[in-house]
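Reader: I have a structure to read and I am new to this. Please walk me through a few features.

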Amino acid sequence: MNDLEFFYAKKINIAEFQNDLISWFEREQRDLPWRKNKDPYRVWVSEIMLQQTRVDTVIPFYNRFMEWFPTLEEFADAEEERILKAWEGLGYYSRVRNLQTAAREVRAAYNGEVPDTPEEIAKLKGVGPYTAGAILSIAYGKPEPAVDGNVMRVLSRILLIKEDIAKPKTRKVFEAAVRELIDHDNPSFFNQALMELGALICKPSNPACLLCPVQQHCQAFEEGVQTELPIKIKVKKSRTIPLVSAIITNEKGEYLIHKRPSEGLLANLWEFPNFEIHTSLLPKREFFQAEFKALLGVIPVIQQHITKIDHVFSHLVWNVDTFAGMIDTEIDGRKLAENHYKWVNTVELEELAFPVSHQKMLKAYLEQR
DNA sequence: AAGACGGGGCC
DNA sequence: GGCCCAGTCTT
C-alpha cells in the first residue's frame, strides 16, 4: 500500500474537516505579534525563532528583534555581535547566523524580496522543509505543507498514522497527507490551524479531546488511543562534561572573557575562562591555574569558590565549578589576542552575548561580592 | 540515518 | 528526570 492509498483508506470528509478546523482557528487563534500582517520578512523571522521553541518564549524575543531590525535590510546590515545579542538566551544560535546569511542572499539575489517558490526558498540557509512550507503558505498563500511536531502529532491521531515520527522519512508521509487535506482557498489558516490545534488542544499529554473542533474526524479518539500517539522511538543519551571556570578581574575592575570558536557548540558566543577537566590528579583550582598558565603565561590568583552549576543541553550536560579570581600581572597582549581573550568593562560585558550557563555564573559571582 | 545543536516548561 | 517544543545542518 503506498502513501496515497494508505491515506484514502482513512475515509475522512475533507471539506467538513477543513471547515471545522479553520472556523475554529478564526474564533480561537491567539493574538501573536507575527500575525499582525503577512510581511514575508516578519513571518520568516518568527518561523526561525519558533523552531524547537515555544510560542511564549519567543514573543518577547520577537518583539525586541523587530524593534532592533524592523526590515530585512537593517537586519542584513547588522553586526554579528548585535544579532547574537538579539538571540542571547534563545538557544540554537546558528539559527540567527544562518538567517543573516540568508537575508544577505535575498538582498543580493532577489532584490530584497523573499522568494515565493519552493525551489528558491528552500535554498536559503536555515530554511528546511517545514520553514519553506510555513513561509510559502502564511506569507504567500501557497498550498504547501508545513509539517512540524504539532502537525505530526495532530495528524497521527486524526488519521491513525502509526509510523515512528522520529524517523526522518516519516515526515514525507505527513506531507502527503497535508497535500490531500489542505484547503487551497486558505492554506495559511489551514496550516496555522493545525499547529494551533496541536499547541492548544491536541497536546502531547492530556489532549483536550472534549474541546476539539475536529473530534468527529479523529480516528484515534474514536478508538480511544489518542494518548498512545504519535509513536516516537528515539532514545538520546547525553554525556556529562566537567568544567572548571573562573571569573577573573584586574585592578581596573575589568573582566577577562573568551570568544568561543566560530563552529560547534555556542559558536561565536563569549564566555568566562574555563577548561574541560581531563584529569583528577590536581584539585580543580590548581588545574585551572595550570591550564591558564599554559595558555596565557601567567598564574591567576584564585580567591574563592563561587558556585557549581549543572547546565543541561539537548545532547550533553556541563558540570561547571566556578571560582573568583584576579590577575595582578600583565598578560601578553599578543597571547590574549591569538587565543581570543580580551578584557572588558561592565558596559562592554552587557553588550556581548553569553550562554545562559555563563550568565548564571556571573549572577552568582555578583551576589557574593 | 544518526548526531550536533540551547533553553525552558510541564508532568 | 524525562519529554517536548512552529527543525536544520552535517556527516
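Reader: Which residues come nearest to DNA strand C?

Author: A residue is near a strand if one of its heavy atoms lies within 4 Å of it. Of the 24 residues around DNA strand C, the nearest are Gln52, Gly126, Thr131, Asp148 and Arg153. Sugar and phosphate make up 67% of the atoms of DNA strand C that come within 4 Å of the protein. This is a predicted model, where local features need pLDDT of at least 70, side-chain atom pairs count only at pLDDT 80 or more, and totals for chains, interfaces and linings use all residues. Residues are numbered from 1 along each chain as its sequence is written, chains are lettered from A and ligands numbered from 1 in the order in which they are written, and side-chain values use heavy atoms, with hydrogens and water left out.

Reader: Which helices each supply at least two residues of the surface near DNA strand C?

Author: Helices (H or I, at least four residues) and strands (E, at least two) are DSSP runs, numbered from the N terminus. Here the helices are helix 9 (129-140) and helix 10 (149-158).

Reader: How far is a backbone N or O atom of Gly128 from a phosphate oxygen of DNA strand C?

Author: A polar contact is a pair of N or O atoms within 3.5 Å; within protein, one must be able to donate a hydrogen and the other to accept it, and residues adjacent in sequence count only if both atoms are side-chain atoms. For Gly128, the distance is 2.9 Å. A polar backbone atom of Tyr130 is 3.3 Å from a phosphate oxygen of DNA strand C. Leu50 has a backbone N or O atom 3.5 Å from a sugar or linking oxygen of DNA strand C.

Reader: Is Asn111 buried or exposed?

Author: Buried means under 20% relative accessible area, exposed over 50%, partly exposed in between (1.4 Å probe, protein chains only). Asn111 counts as exposed because its relative accessibility is 69%. Asn111 sits in the loop between helix 7 (94-109) and helix 8 (118-122). Its phi is near 55 degrees, a positive value in a residue other than glycine.

Reader: And where is Leu266?

Author: Leu266 is in the loop between strand 2 (255-259) and strand 3 (270-271). Phi of Leu266 is also positive, near 55 degrees. Leu266 is buried, as its relative accessible area is 10%.

Reader: What does Gln226 touch?

Author: Contact means heavy atoms within 4.5 Å. Leaving out residues up to four places away in sequence, Gln226 touches Arg157, Pro207, Cys209, Ala220 and Phe221. Gln226 has 15% relative accessibility, so Gln226 counts as buried.
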